[in-house]
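Thanks, everyone. I would like to walk through one structure this morning, going from its pockets to a helix and then to a few loop residues.

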Amino acid sequence: MHDTSMTRLDSIDIRLLELLQRDAQTTAQTLSEVLHLSPSQVGRRRQRLEMEGYIIGTACKASAKRLGLTVQAFVQIQTVAHAAETHSAIEQLIGSQPEITAAWTLTGDADYLLRVYCADLSALNHLIQNVLLPHPSIGRVQSQVVMDQLKTDAPLPVFG
């Protein structure tokens, strides 16, 4: 269902979203110079985009390397059963582990895909062997260690 209360994005809204995704701390003054609007017009547009749900938050991107998190991995989980209780238990498990920084439900062989950051391979092994595999809702775990990240999480493409 399409929400008709939202304003259609014009070219300035699109450019503003692109700029803010690259650096959410860009000042209204700087944005106004790039967009050829007054800082107050930029502020009103940004506020409208927030109210309409186009902007859902502002984040700080920390350096995993500087934080000593040298291992990034993707972990696929297959559940023992497809029941509400199973999925609820796995969601609780995912939420309780700070090493799991993102999680998705999937179609196909795996039911969940987790992005994990750990200090080292030993810490990843501990997470898999002592936290994930013993969990009663998890039937199978498969992990892939990231060798190199060629592209960081990029801004979303914005279309009108």
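Predicted model: local features only at pLDDT ≥ 70, side-chain atom pairs only at ≥ 80, totals over all residues.

The second largest pocket is lined by 21 residues, and those nearest its centre are A62, A64, Q72, Y117 and Q149. A pocket here is an open set of points on a 1 Å grid over the protein atoms alone, where a 1.4 Å probe fits and protein lies on both sides within 12 Å along at least five of seven lines, and a lining residue has an atom within 4 Å of a point. Residues are numbered from 1 along each chain as its sequence is written, and side-chain values use heavy atoms, with hydrogens and water left out.

The space in this second largest pocket comes to about 640 Å³, where a volume is the space filled by probe spheres set on the points, and points are joined across faces, edges and corners. At least two lining residues come from each of β1 (71–79), β2 (100–105) and β3 (112–118); strands are DSSP runs of E with at least two residues, helices are runs of H or I with at least four, and both are numbered from the N terminus. By type, the lining of the second largest pocket holds 10 nonpolar, 6 polar and 5 charged residues, with Ala, Val, Leu, Ile, Met, Phe, Trp, Tyr, Cys and Pro taken as nonpolar, Asp, Glu, Lys and Arg as charged, and the others, Gly among them, as polar.

The largest pocket has about 770 Å³ of space, and among its 23 lining residues L20, Q21, G57, P155 and L156 are the closest to its centre. Helix α1 (residues 11–22) gives the most to that lining, namely 4 residues, and the lining as a whole divides into 14 nonpolar, 4 polar and 5 charged.

Let me turn to helix α4. Its buried residues are T86, A89, I90, L93 and I94, where buried means under 20% relative accessible area, exposed means over 50%, and partly exposed lies in between, with a 1.4 Å probe and protein chains only. Seen down the axis of α4, these buried residues fall within an arc of 140 degrees, so they line one face of the helix; the arc is that of the directions from the helix axis to the C-beta atoms. The face turned away from the buried side of α4 carries the exposed residues A84, E85, E91, Q92 and G95. What do the buried residues of α4 pack against? Their partners are β1, β2, β3, α5 (121–132) and β4 (138–145), contact being heavy atoms within 4.5 Å.

One loop residue also meets this helix. H135 sits in the loop between α5 and β4 and is buried, at a relative accessible area of 16%; leaving aside neighbours within four places in sequence, H135 is in contact with A89 and L93.

Two further loop residues are worth a look. I55, in the loop between α3 and β1, is buried at 15% relative accessible area and touches L17, L20, R46, L49 and E50, not counting residues up to four places away in sequence. H36, by contrast, lies in the loop between α2 (28–35) and α3 (39–51) and is exposed, with a relative accessible area of 71%. The phi of H36 is near 60 degrees, a positive value in a residue other than glycine, whereas most residues other than glycine have a negative phi.
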